[in-house]
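Have the sequence and the 3D view open as you read.

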Amino acid sequence: MELVSASLLLLLCLCCILLALAWKSQNQQGQLPPGPTPLPLLGNFLQLDRTNVIRSLEKDTYGPVFTVNLGSRRVVVLCGYQAVKEALVDQAEEFSGRGDIPAFSKDFNGHGVVFANGERWRQLRRFSLTTLRNFGMGKRSIEERIQEEAQCLVEEFQKTQGAPFDPIFNLSRAVSNIICSIVFGNRFDYEDEKFIALNKLIFKRFRFAGLTSAQLYNTFPGILEKIPGPHQTGSKCSQEIISFILERIKLQQATLDLNAPQNFIDCFLVKMEQEKQNPATEFSLENLVMATFNLFFAGTETISTTLRYGFLILLKYPQVQGKEIDVVIGRDRAPTAEDRGRMPYTDATLHEIQRFSDILPMSLPHTVTRDTRFRGYLIPQGTYVYPLLSTVHFDPEEHKDPETFAPERFLNENGSFRKQNAFLPFSAGKRVCLGEGLARMELFLFFTTILQHFTLSSPVDPQQLSLAPEVSNLGKVPPRYQLCLRQR
Ligand code: HEM
């Protein structure tokens, strides 16, 4: 009898706890921003446009801040400059957590910088920034490296002798060589088989992360993980990239001089050595591999996609090409980072290319690091947040005719460069892109060097060129196109 009463009491307690939890969750949900009613398990999946998730998230039925359920994951979506800025900048600490993207981040398992959180992220971000700076990011030494590489690209382009070609891999190899110099300490020959294969893998990885199969995987990771199919391809690419990095680390370990580290991997190995007695160290082999992967991947695909989009846009709007180059730089010397300040139209064009191409339209997912009050709502700790950078770049409150490509929006009446707040291709706040300085320098030097040497044209009528992205989910990928270059 006593046993029965005890069991009943236990059952009652359990019910009370469950009811309290359900009440708490309901209560918190009640304070989340409004959004479409989710179905069990599926969430709002059926309401999304799987080929263009951004487009379906942008629909502003619920205002600039709303909640959607992607499968069982609750996501707070931020639209427009004001909402994104209030979260990422004004409440930077609270919105600095990182959410995962199962189809992409599962290979990282929380290691490295991009998909790390807490103390690991803080330490590795600080270390990566310092090391990139020491190896020249934003300094003269890296400027010279980019100038040399841009010259190699010019020579490669001269070989096309005016015939139409797809610039995709020439651009990615040139850009990749810059981050390779910093991370591995050397550039690769454009014909190096391994390097060619590696660049193809990076492109494939970026493209796969945006395909419908990856969206499905991101929404239902638990189920799809167990089923073979195209959604697994991205992970295979990552594994091959990881093998390459591991091979390089082993090589560098064998020849490392602890007193004279030559590149990012060397510096990390030195730090591993210094901290080897510390059981809680974040300077482990796994973090080295993944941080290297982060830099190598982010440092290649983002810049080469922007350049590729940029040249496509210049084919469509040829009047924009090389306006100031002859006046400010001439033909006899290489462009320098300093020239930028004297070239407001070029600067404005590059900004407009980045705004218009909007290559990371959702940024990367954030989470809130604690229960967070935001615009009168209560967002529980750990909730995913998507700051839609796309809605910043195409915000009609901030940009007149946002769908039109118009460098002039970044110029004032007397032709000087004009900053725009609603320009966040590198995002903002504590997670702001770690390679912004390097990326800006590369974009300027590669663009101006190419336009200094060549006039760009399209083998098809520019009117028929489409600027619509081929893929637009996690990343925006421009359509493939043919480019003709005439030596100037
Ligand atoms: C045009 C070029 C680039 C663009 C548009 C770009 C854009 C971005 C964006 C939108 C984020 C997400 C920020 C957030 O979570 O709010 C990001 C993060 C990041 N980027 Fe870039 N990026 C570029 C180039 C680079 C380069 C060259 C590097 C490396 C040298 C790099 C390394 C990183 C890293 C490590 C992160 C993660 C930062 C963190 O989680 O703390 N990026 N980038």
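**A guided walk through the fold**

The protein has 17 helices and eleven strands. Keep in mind as we go that this is a predicted model. Of its 488 residues, 43% are buried.

Let's begin with a sheet. Five strands make up an open sheet with mixed pairing, and their order is S1-S2-S7-S4-S3. At its edges you will find strand S1 (65–70) and strand S3 (97–98); each has a single partner strand, so one side of each lacks a neighbour in the sheet. Helix H3 (residues 80–90) packs on this sheet, where H3 touches S1, S2 and S7. The direction of H3 makes about 120 degrees with that of S2.

How does S7 pair with S2, and over how many bridges? Strand S2 (residues 73–79) runs parallel to S7, and the two are joined over five bridges. Within S7, Leu 388 is the residue that stands opposite Cys 79. With strand S4 (residues 366–367), S7 pairs in the antiparallel sense, over two bridges. Here Thr 367 has Tyr 384 of S7 as its bridge partner, while His 366 stands opposite Val 385 of S7. As background, strands of a sheet pair through backbone hydrogen bonds, in either the parallel or the antiparallel sense.

Are the residues of S7 buried or exposed? Five of its five residues are buried, so the strand counts as mostly covered by the criterion of 20 or more other C-beta atoms within 10 Å. In a regular strand, side chains alternate between the two faces of the sheet. For S7, one side carries Tyr 384, Tyr 386 and Leu 388, and the other carries Val 385 and Pro 387. These residues are all buried, and both faces of S7 are covered.

Now move over to the helices. In helix H12 (residues 264–274), the buried residues are Phe 264, Ile 265, Asp 266, Phe 268 and Leu 269. Their cover includes helix H5 (118–134), helix H7 (168–183), helix H11 (233–255) and helix H13 (285–316).

Follow H13 onward to its meeting with helix H17 (residues 436–453). The two pack at an angle of about 35 degrees, their axes 10 Å apart, and H13 passes H17 in a right-handed crossing. On the H13 side, Thr 302, Ile 303, Thr 306, Leu 307 and Gly 310 take part; they meet Ala 439, Glu 442, Leu 443, Phe 446 and Phe 447 of H17. By type, the residues of this contact divide into six nonpolar, three polar and one charged.

Technical notes: Residues numbered from 1 in each chain as written. Predicted model: local features only at pLDDT ≥ 70, side-chain atom pairs only at ≥ 80, totals over all residues. Buried ≥ 20, exposed ≤ 12 C-beta atoms within 10 Å, placed from the backbone. Helix = DSSP H or I, 4+ residues; strand = E, 2+ residues; numbered from the N terminus. Pairing = 2+ DSSP bridges. Contact = placed C-beta atoms within 7 Å. Axes fitted to C-alpha atoms, helices over the stretch in contact; angles between N-to-C directions. Left-handed = near helix turned anticlockwise from the far one by under 90°. Nonpolar A, V, L, I, M, F, W, Y, C, P; charged D, E, K, R; others polar.
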